[in-house]
Amino acid sequence: GSSSPAGQISSLCIDGDLSDAERLQDLASVSDIITVDNDENIDANELLILQGKGHKIRPSADAITLIQDLYKQKIHLRESICMITRCYPIQVASALQDCLASADELGYPFVIKSRYLTPERCFTIQNESEIPAIVKTLTLLVKTDDEERQSGGGEDGIGEEGEDEGGGGDEVEDDGDDDDDEEENDFYAE
């Protein structure tokens with residue numbers, strides 16, 4: 001803001017939150033290039049809109065979208081032939097089946113994570129008996145998020161602190177899902 005060190009010496013200061021579309025548009029209208037260094041706090045969709053209008057965004061809005069979506073990152077890295085752990089989408093509508101299928105592929109324990117930058121939404125599943133409770137939690141999280149989006153609210157921080165994931169893996173495997181399913185899953189297993 002205007003009381004910050006940069007705001008005190010600048011002839012122009014735009015006060016606002018990084019998620020405020022109007023303030024981002026104001027910034028774009030007076031800038032040759034918008035640089036982003038804290039990508040988790042900015043709405044990548046708004047940056048995509050600005051980029052589509054010809055504004056220069058660095059890193060690109062596409063890169064920020066990828067950075068913010070952990071599942072898309074994994075898929076991108078796997079398609080780039082990077083050796084990463086296997087991951088599988090978890091769709092809430094079929095979460096029980098998806099978790100059981102993930103357990104068959106990954107073994108126990110495995111981790112379910114939020115696709116988006118919410119570290120408190122990480123669940124370690126030690127055995128099959130834990131899956132129904134986790135499915136119920138995932139369903140409630142998505143329902144709460146949907147209600148908040150409809151009411152204009154933000155993240156509520158509901159979630160459980162995950163346990164340490166343990167070792168990694170270097171196997172690369174295609175999960176067989178097409179990219180059109182990506183938008184339906186808020187979680188993934190690895």
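Student: Where does Leu12 sit?
Tutor: Leu12 is in the loop between α1 (5–9) and α2 (21–29). Helices here are DSSP runs of H or I with at least four residues, strands are E runs of at least two, and both are numbered from the N terminus. Keep in mind that this is a predicted model: local features need pLDDT of at least 70, side-chain atom pairs count only at pLDDT 80 or more, and totals for chains, interfaces and linings use all residues. Residues are numbered from 1 along each chain as its sequence is written, and side-chain values use heavy atoms, with hydrogens and water left out.

Student: Why does Leu12 count as partly exposed?
Tutor: Because its relative accessibility is 48%. With a 1.4 Å probe and protein chains only, buried means under 20% relative accessible area, exposed over 50%, and partly exposed in between.

Student: OK, Gln25 next. Which helix is it in?
Tutor: Gln25 belongs to helix α2. This residue also counts as partly exposed, because its relative accessibility is 28%.

Student: What is Gln25 in contact with, beyond its neighbours within four places in sequence?
Tutor: Leu50, Lys53 and His55, where contact means heavy atoms within 4.5 Å. Take Leu50: 25 residues separate it from Gln25 in sequence, yet the two are 7.3 Å apart in space, C-alpha to C-alpha.

Student: Switching to the sheet. What's the strand order?
Tutor: The open sheet has four strands, ordered β3-β6-β4-β5, and the pairing is antiparallel. Two strands pair if DSSP finds at least two bridges between them. β3 (88–90) and β5 (122–125) are the edge strands, each pairing on one side only. From one strand to the next, the twist averages 25°; axes are lines fitted to C-alpha atoms, for helices over the stretch in contact, and angles run from 0 to 180 degrees between N-to-C directions.

Student: How many bridges do β4 and β5 pair over?
Tutor: Four, with β4 covering residues 110–114. Phe110 stands opposite Ile125 in β5.

Student: And which strands does α7 touch?
Tutor: Helix α7 (residues 131–151) packs on the sheet and touches β3, β4, β5 and β6, with its direction at about 165° to that of β5. Helix α5 (residues 70–79) lies across β3, β4 and β6 (187–189), at about 45° to β6.

Student: Zooming out, how many helices and strands are in the chain?
Tutor: Seven helices and six strands. The chain has 190 residues, and 32% of them count as buried. Of the contacts between residues at least 6 apart in sequence, 56% join residues at least 24 apart.
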